[in-house]
Every structure is written in structure tokens, then in C-alpha cells.
Amino acid sequence: MTQRNAVYSRIRNAKASLDNAEKSFHDNQEVRGELDLMLAEAELQNLRQKRPAWVAWTRRSFAALSALVIVAAGGIGWWWSSARSIRQNGVAGVQATQAVTTAAPAAEQKAPEQAVPRQAGQPAEGARTVKPDPVPQSGNRVRLSSSEMRQLIRSGKQELGNGR
């Protein structure tokens, strides 16, 4: 008989002893009912003691390992999604910044080609007036006008909307 069948038969024996105890107490045979009840208790204690220790350790280890895998998978998923969103937002931001910085010199180059007579001190039509920046800029900083900033925000919202 395999170990699994032995466990099943012990559980059936304990159940039968409990049924006999119930019948005995119902028929006012209290001594017989107490004996059947003690027999069921002994069977259950014996069943618990006969279970090998490695089975309990295996179950506990499996539960702990499962919890660890679930936590690790959640952490990796969170890290991956945050890294991916940063990468996507960073690329969109760089592309938008590059578009703004390349558009600005193009507009400035078109202005001198239009030879329009003007009076001294009067800016040419379509030419941008650039105020000097009192603080020296590093290589990564870009100055944007308010209209360029609004356009950049609109394109960012559109990109975020497309990502969903």
C-alpha cells in the first residue's frame, strides 16, 4: 500500500470512529462514545506524527519560494515598465528638442535671404529677436519661446496619448 493510500485509510478510520462516537452518545452509551472519541483522536495524532519531516519542509520551502518569485517578478516588471517609459519619454523629448533647435536656425537663415529694404534699427519681417542670455548655457540647455514650449507640450501629450 502506498503512503497516500495509507493516509486515506487512516482518515477513513478516524472518520468511522467519530461516527461511532456520535451514535454511542446518541444512544446514551457514554463510555463507549468516549472510547470511540479517544480512538479517533489517537488515529489523528498518529497520522500527524507519521508524516515525514521533509514533507513539511518541502511545503514550507515551496511556499517561501513561490512568494519570492512573485515579489521578484513584480519588481522586475515595475523596473522594466519604468525604464521603458523613461526611454520612450526621453527619446520623444530629445526628438522634440532637436526639431525645435533645427527649426530655429533654419528660420534665421531664411531671413537674410529676403532682401527687403528697411530702415536702420527696424527688424526685418519674420526675423527673430534673440535676447542675450546673462547665464552661460551648458551644452544640454535649450531656450524655447512660449509658442515653442506650447507646441512641445502638445506633442508630448499626443505622444503619451498614443502610448496607451
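**Close-up views of a predicted helical model**

**View 1. Ser24 and its contacts.** Setting aside neighbours within four places in sequence, Ser24 makes contact with Gln29, Glu30, Arg32, Gly33 and Asp36. The model shown here is predicted. Ser24 lies in helix H1. Is Ser24 buried or exposed? Its relative accessibility is 5%, and buried means under 20%, so Ser24 counts as buried.

**View 2. Helix H1 from end to end.** H1 covers residues 3–26, 24 residues in total. How far apart are its end C-alpha atoms? They are 35 Å apart. At 1.5 Å a residue, the helix should span 34 Å, so the two values agree.

**View 3. Buried residues of H1.** Which residues of H1 are buried? Ala14, Ser17, Ala21 and Ser24 are. An α-helix has 3.6 residues a turn, so residues three or four places apart point the same way. Ser24, the residue of View 1, has 5% relative accessibility.

**View 4. Asn28, after H1.** Asn28 follows H1. It is found in the loop between H1 and H2. What is the phi of Asn28? It is near 65°, a positive value in a residue other than glycine. Most residues other than glycine have a negative phi. Asn28 has a relative accessibility of 66%; exposed means over 50%, so Asn28 counts as exposed.

View 5. Val31, Leu35 and Met38 make a nonpolar surface patch. Where is Val31? Val31 sits in helix H2, which covers residues 30–50. Its relative accessibility is 66%, so Val31 counts as exposed.

**View 6. The whole chain, for orientation.** How many helices and strands does the protein chain have? There are four helices and zero strands. Read along the sequence, the pattern is α-α-α-α. The chain has 164 residues, and 9% of them count as buried. Ser24 is one of the buried residues. Take the contacts between residues at least 6 apart in sequence: 43% of these join residues at least 24 apart. The accessible surface of the chain comes to about 14,200 Å². Carbon and sulfur atoms account for 58% of that surface.

Note on methods
Residues are numbered from 1 along each chain as its sequence is written. This is a predicted model: local features need pLDDT of at least 70, side-chain atom pairs count only at pLDDT 80 or more; totals for chains, interfaces and linings use all residues. Side-chain values use heavy atoms; hydrogens and water are left out. Helices (H or I, at least four residues) and strands (E, at least two) are DSSP runs, numbered from the N terminus. Buried means under 20% relative accessible area, exposed over 50%, partly exposed in between (1.4 Å probe, protein chains only). Contact means heavy atoms within 4.5 Å. Accessible areas come from the Shrake-Rupley method with a 1.4 Å probe; for residues, only the protein chains shown count as cover. The expected span of a helix is 1.5 Å times one less than its number of residues. Patches are made of residues with over 30% relative accessible area and no salt bridge: like charges are joined within 9 Å, nonpolar side chains (Val, Leu, Ile, Met, Phe, Trp, Tyr) within 5 Å. A salt bridge is a side-chain nitrogen of Lys or Arg within 4 Å of a carboxyl oxygen of Asp or Glu.
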